[in-house]
Amino acid sequence: ELYAVSRYAPWISPDTPGYLDPGSLPEAWSRMRHPLFGWLIAILPVGQGFEHLPKGRVAFVFVATGLLHVALRSYGLSLRAAISVTASLLLSNVVLLWHNAVHPEFLAVAFAIIALAQILRLAHGRYFAINTVLFGVTAGLTYILRPTFLPVIVLFPVLYLLLARMAG
């Protein structure tokens, strides 16, 4: 479906140039946009046309959604409930409308999905230390890529407390 809609042609949004110019250190830290997205794009072998960027990011969201599905199932959700949650993510506006945008929003959503999966795994009580570290890294990357995702850092730990209490 995504191929039929856009043929995965990269789309440059009006604020993409602000993200792609990471600047030099230490001046990069004083800019309005965090330089991480520009640094990631600079190290990837995408060239000037960004031809393969949308496909790779869509694959990353599929992997993140798969991780969430496994975490939902291990927490105790039925197969039907886990599929309905993950299918709604794969059919969301972020995937359908932003999959080909050269913009950090899409990656931030993918990292937020992985952070949510880590919260579910933490609430289930398995591998506490590694899942805590993975949650911290993915939630931090979510915030760094898109500061509007700051509630992830605050609300997901509260969600963990509620889910852990429900799980006993």
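**Ground rules.** I number residues from 1 along each chain as its sequence is written, and side-chain values use heavy atoms, with hydrogens and water left out. Because the model is predicted, local features need pLDDT of at least 70 and side-chain atom pairs count only at pLDDT 80 or more, while totals for chains, interfaces and linings use all residues.

**H4 with H7.** I started with helix H4 (residues 53–75) and helix H7 (residues 105–124), which pack at about 15 degrees with their axes 9 Å apart. Helices here are DSSP runs (H or I, at least four residues), numbered from the N terminus. Axes are lines fitted to C-alpha atoms over the stretch in contact, and angles run from 0 to 180 degrees between N-to-C directions. H4 and H7 are therefore roughly parallel (angles under 35 degrees; over 145 counts as roughly antiparallel, 65 to 115 as roughly perpendicular and the rest as oblique). The crossing is left-handed (the near helix is turned anticlockwise from the far one by less than a right angle; clockwise would be right-handed). Among the residues in contact (heavy atoms within 4.5 Å) I noted Phe60, Val61 and Leu68 of H4, and Phe106, Phe111 and Leu120 of H7.

**H4 with H5.** Next I looked up H4 and helix H5 (residues 79–90), whose axes lie 9 Å apart at an angle of about 160 degrees. That pair is therefore roughly antiparallel, and its crossing is right-handed. The contact includes Phe62, His69 and Arg73 from H4 and Ala82, Ile83 and Leu89 from H5.

**H8 with H9.** The axes of helix H8 (residues 128–145) and H9 come within 8 Å and cross at roughly 155 degrees. I therefore wrote H8 down as roughly antiparallel to H9. H8 passes H9 in a right-handed crossing. Phe128, Phe135 and Tyr143 are among the H8 residues that meet H9, where Phe156, Pro157 and Tyr160 are among the partners.

**Patch.** Which residues make the nonpolar surface patch of about 430 Å²? I found Tyr143, Leu150, Ile153, Val154 and Leu155. Patch residues have over 30% relative accessible area and no salt bridge, with nonpolar side chains (Val, Leu, Ile, Met, Phe, Trp, Tyr) joined within 5 Å and like charges within 9 Å. Areas come from the Shrake-Rupley method with a 1.4 Å probe, and for residues only the protein chains shown count as cover. Helix H9 (residues 150–167) gives the largest share, 4 residues.

**Salt bridges.** I logged 2 salt bridges (a side-chain nitrogen of Lys or Arg within 4 Å of a carboxyl oxygen of Asp or Glu). In one of them, Arg33 pairs with Asp15, the closest N and O atoms being 3.5 Å apart. Arg33 sits in the loop between H2 and H3 and Asp15 in the loop between H1 and H2, so the pair ties together parts 18 residues apart in sequence.

Technical notes
Helix = DSSP H or I, 4+ residues; strand = E, 2+ residues; numbered from the N terminus.
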